[in-house]
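My entries follow the structure.

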Amino acid sequence: MRHEGVVQMASAADNKWQKDAADQNFDYMFKLLIIGNSSVGKTSFLFRYADDSFTSAFVSTVGIDFKVKTVFRNDKRVKLQIWDTAGQERYRTITTAYYRGAMGFILMYDVTNEESFQAVQDWSTQIKTYSWDNAQVILVGNKCDMEDERVVSVDRGKQLSDQLGLEFFETSAKENINVKQTFERLVDIICDKMSESLDSDPTIVSNSQTGRKLTQEPQPSNSGCAC
């Protein structure tokens, strides 16, 4: 029964996505995912960026949901659909179904949790397995305000990011440290990559009138959840 409830919530998120995608008041729309182990702070990170709010109460994300934020980068109106994913293994089949079509990932660990840091390699492998080849990724070490409880040093985070070929930020949703900067950098990387792709293949954008709406693959339906 619980699994059926999660599927229903995922379906509701799909419906919300379809309604939001129908709004054409933007130049580009980027689908971003925040992934990582449970309790690393993904939801708090999203709420800090989208709503500038923070709560210390931990509520585990069930399935998947998203928030929308519109930003202006390089004189373009960019709509961001930022998906907050559950970190627990039992939801993995559902959440990985949403990797398809994502243009950017924030891969997050908790600097006070060694296990979440060790899991980064596995999450990185999942991105390579389930997302498209040009998806951009930023590694984030969250909760950097908790210095007294830190177990993962900044240097170790940088070493891992270099090993994986990713840019790296340490952040704090609670203290609002590098949250906006992380998202802005990810959007800039996507825009840069998109410009390179457009130069080599102009057909990757659609909309004959404006030539500016980015083509995106349809979202997975419930049948893609292997329920």
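Predicted model: local features only at pLDDT ≥ 70, side-chain atom pairs only at ≥ 80, totals over all residues.

Entry 1

Entry 2. I looked up the largest nonpolar core, which has 27 residues. The members that touch the most other members are Phe30, Leu32, Ile34, Leu80, Ile82, Ile106 and Phe183. I then listed the elements that supply two or more residues to this core: strands 1 (28–36), 3 (76–85), 4 (104–110) and 5 (136–142), together with helices 2 (42–51) and 7 (179–200). Helix 7 provides the largest share, 8 residues.

Entry 3. I examined the surroundings of Leu80. Leaving aside residues up to four places away in sequence, I found that Leu80 touches Phe30, Leu32, Tyr49, Lys67, Val68, Lys69, Val71 and Val187. Another core, of 25 residues, lies apart from the largest one; Tyr98, Ala135, Leu139 and Val152 are among its members.

Entry 4. I turned to helix 6, residues 154–164, and asked which of its residues are buried. They include Gly157, Leu160, Ser161 and Leu164. These residues lie on the same side of helix 6 because they cover an arc of only 100 degrees around the axis. On the other side of helix 6, Asp155, Gln159, Asp162 and Gln163 are exposed.

Entry 5. I checked what the buried residues of helix 6 pack against: strands 4, 5 and 6 (167–170), as well as helices 4 (114–118) and 5 (120–130). Glycine 165 follows helix 6 and has a positive phi, near 75 degrees.

Notes: Residues numbered from 1 in each chain as written. Heavy atoms only, no water. Core = buried A, V, L, I, M, F, W, Y, C linked by side-chain atoms within 4.5 Å. Buried < 20%, exposed > 50% of the residue type's maximum accessible area, 1.4 Å probe, protein only. Helix = DSSP H or I, 4+ residues; strand = E, 2+ residues; numbered from the N terminus. Contact = heavy atoms within 4.5 Å. Arc of directions from axis to C-beta.
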